[in-house]
Each structure stands twice: as C-alpha cells, then as structure tokens.
Amino acid sequence: MIIAITLIICLIIQPILGEYISFFNQYEEILIVLLLVGSFYKTIICRKKIYLTKNEIRLLIILIIFLLIGIISAKLSRVQSIDKVILSGILTIKAFICYFLCKICFNFKRIKKQTLNRFYKLINIITLIYFIVLMINIPFKFLKTYGQRMGINTVAMGFTHPAQLDFFLISISIIFLFLTLVLNKDKKVLFMNVIMSFILILFTGRSKAIVFFIAFYLLIFLVFKRGKITVNQILFISPIGFYFAYDRLISEFFSKTGPRGILLRTANKLSKDYFPLGVGFGGFGSHISRKYYSDIYYRYGLSSIYGFSNLNPKYITDSQWATILGECGILGMLTYIIILLVLTICFWNTSNEIIYKLTISGLWIYGIISSISDTIFMGYRGVAIICITIFMSSILKSSDKLSDEKFGRE
C-alpha cells in the first residue's frame, strides 16, 4: 500500500522531480518495468491466478489488433525501421498496458486505515500550501508567468507547464474526494479543498481543466444532495462547458495556422492517401517520429513550418487524435475509440453506487476530454490516470480488508 502511494505521488509530480533528477524524466517507463517485475513475481513466483472479466479479455484482444494495425501499416509504408515501429507502438499504448499490470500489482492483501488517513491529510496539506503560495504571489508576482488567459497571469508553480499543474491538482482533488468517501470524512473539509483547488486551476488558464472541474463537482454535489444523476442535471451543466470551451475549440481545430489544426488536416490527408491503415507507428505525430525525424514531414510540407522542422519539432506531438489517425488510419482510429469505450465501461462498473462510479471514473473521463487536443494518454499523465484509477478501485473492492476497523464513521 505505502509503495503504491509513493509510486503514484512520484508519478504525478514527475515533471518537478525531473528538473532536479534526470532519472525521473523517464519515470513512467521505469514504473512500467517495475510493474512488470511485480506482476512476474506475483504470477510466476507466488503463483497468483489472474482473473479477467469479459470486458478485460475484449480489451486485451482489441489492443493486440490495434498494435498489429500500426505495425503492418508501418511495414507497408516503410517510413521507420521495425525496431522503432515496435517501440513507438508500445509507447502509444503504454498507459493501457499499465491497466493489466496495476490490476495484478495493486491487489492489496491488507489495507491500513492509518495509511489512508495519512494520505488524506498529506493531500489536504499540499493543496493548502499551493493555495497559500498562490495567494502570496498575486500581490508580489514572484512566480514565473506563462502568459495571460481569461485576464489571468497563468502559472505552473514548479511544473514545466500549466497543463501539468492542472493535471496534478485534478488528480489529488479526485483522490481526496475518494478518501473522503471511503473514510467517511467531514464533507465541509472536502468543500474547502474543492474551492482551493478550483482557484488554483483558474490560474493555470486551461479551459479543459476548468470546464471539467466545474462540471464534475457540480455532478458530485448534486449526487450528494439527490443521490442520483438525471438527464435534467446533465442538461443544466452542459452550457457551462460550452461557454468556457467554445473559443478554445475554435482556435485549436479551425485555425489554419494553429499547430493542432495543421496536424489534424495533415492526418486527414494521410488517412486518405494510406487508406485504411495509415503510415504506421513512428510515422507521424508521435515521439518516435520526432526523435527519428519521419520522412512524412518532408513529403507533406511540414518540415518548412515553424515547430515542425527537423531542428525545431516542438509541435509535432501536440495532437493525440492526429497521431492515431495519421499513423493507424481510419481502421486504427475506430479500434482506438473502442479501446477507450471498453476501458470506460470497466471503470464505470467498479461499483454499483453512483457516487463511486463518478469518483473512480472522474480522472479517466478528464483524460478522454483532454485527449481531444492533447497527447495525454501517450505520456506520464496517461500512466498516472490508469494507476490512480486502479488504485482507487482496488481499495474499494478490498474494503473488507481494512485493518483496525471497516470503512465507516470514525
């Protein structure tokens, strides 16, 4: 339990740790190796049986199909060598590989209530410290700013980008919500934590995070009050998301000069020219296509555009769906959508209670929303989403193993 919590904390603050210790720049890959070793130990050495649900078996099959699509298409297009193709394919689905590894490793034999209480207090203290630093920064302006959004000077507060800060804040906020529920803590403390987190997220200036946070906690507090979610409640919340996201969506996807617009239009051309499989893993929009500069960027005129050249390729990995569509074509994109749907069902079915369904699925849903204009599932954040979600679902399923006393009012 303590090891799992430590691994998760290191994962969500990976960018901060990576600034001081280079080892942590590849921490999510190292974590996958550690989970592989742990899974091997539990299944081979300890002879622990692995039980997969029907949906998990379907997920495994669909993942294999998706990998084959990306490898076969790369073999046909010959854009990258086979070793780079396989590496790129693994990096593309590494978060989903973590699903199965975490299911094996996060099967707790014993859950100490004292450990969960300490984790609960730690998250609350961290949120409070960040909030106090932000309040002091407003008049004194000692934190580095990342430009203005919505009239606010955005900050990253130790992270290398505001998007990493909002992911960190949403992650610890949802974990805090979960611990409040399973430990039956005072909801007034939760309310104060949510207010502090929301103000902090406002100063990241990320519209996706703001929209999600408002909508998610409105649903949570409506469930607290009414015990269920209705269609009317969802219709009531929807305009809030549209209001905050409209301008951002227009600028991201319909701008002829915006990086994501360029990536999506090029991916659409690739999906037609290499129908129906795309150019294959490592060919377009991925880390490998940037590290080992793909010939596709020359062929389609991106090499002469700022941010897409061989010497300055900083925008190449800015759009997850452009990568999926360009590398795996229409067939691969449909397969990827099915993967996301099956995982959503797996997470949603963790509990029969609506409040736990929302809480455990919350970070995953945020990831899906963010993936529209971000490569969230292809980096450390995708791995973190899976690890945190499996961590919470494993605790809920193993609540009868809680030592000292069962989950209940203190």
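Begin by selecting Ile 65, which lies in helix H4, the run of residues 54-77, and keep in mind that the model on screen is a predicted one. With a relative accessibility of 41%, Ile 65 counts as partly exposed. Now widen the selection to Ile 50, Leu 52, Ile 57, Leu 60, Ile 61, Ile 64, Ile 65, Leu 68, Ile 72 and Leu 76, which form a nonpolar patch on the surface whose accessible area together is about 890 Å².

Next, turn to the cysteines: how many disulfides does the structure hold? There are zero disulfides in the structure. Cys 46, for instance, is in no disulfide, and the nearest cysteine sulfur, which belongs to Cys 105, is 11 Å away. Cys 46 is also partly exposed, its relative accessible area being 43%.

Then select Cys 102 together with Cys 387, which holds the cysteine sulfur closest to that of Cys 102; the two sulfurs are 3.6 Å apart, too far for a bond, because a disulfide is counted only within 2.5 Å. Is Cys 102 buried or exposed? Cys 102 counts as buried, since its relative accessibility is 0%.

Finally, move to helix H1, residues 2-12, and show the side chains of Ala 4, Ile 5, Leu 7, Ile 8, Cys 10, Leu 11 and Ile 12, which are buried.

Methods:
Residues are numbered from 1 along each chain as its sequence is written. This is a predicted model: local features need pLDDT of at least 70, side-chain atom pairs count only at pLDDT 80 or more; totals for chains, interfaces and linings use all residues. Side-chain values use heavy atoms; hydrogens and water are left out. Patches are made of residues with over 30% relative accessible area and no salt bridge: like charges are joined within 9 Å, nonpolar side chains (Val, Leu, Ile, Met, Phe, Trp, Tyr) within 5 Å. Accessible areas come from the Shrake-Rupley method with a 1.4 Å probe; for residues, only the protein chains shown count as cover. A salt bridge is a side-chain nitrogen of Lys or Arg within 4 Å of a carboxyl oxygen of Asp or Glu. Helices (H or I, at least four residues) and strands (E, at least two) are DSSP runs, numbered from the N terminus. Buried means under 20% relative accessible area, exposed over 50%, partly exposed in between (1.4 Å probe, protein chains only).
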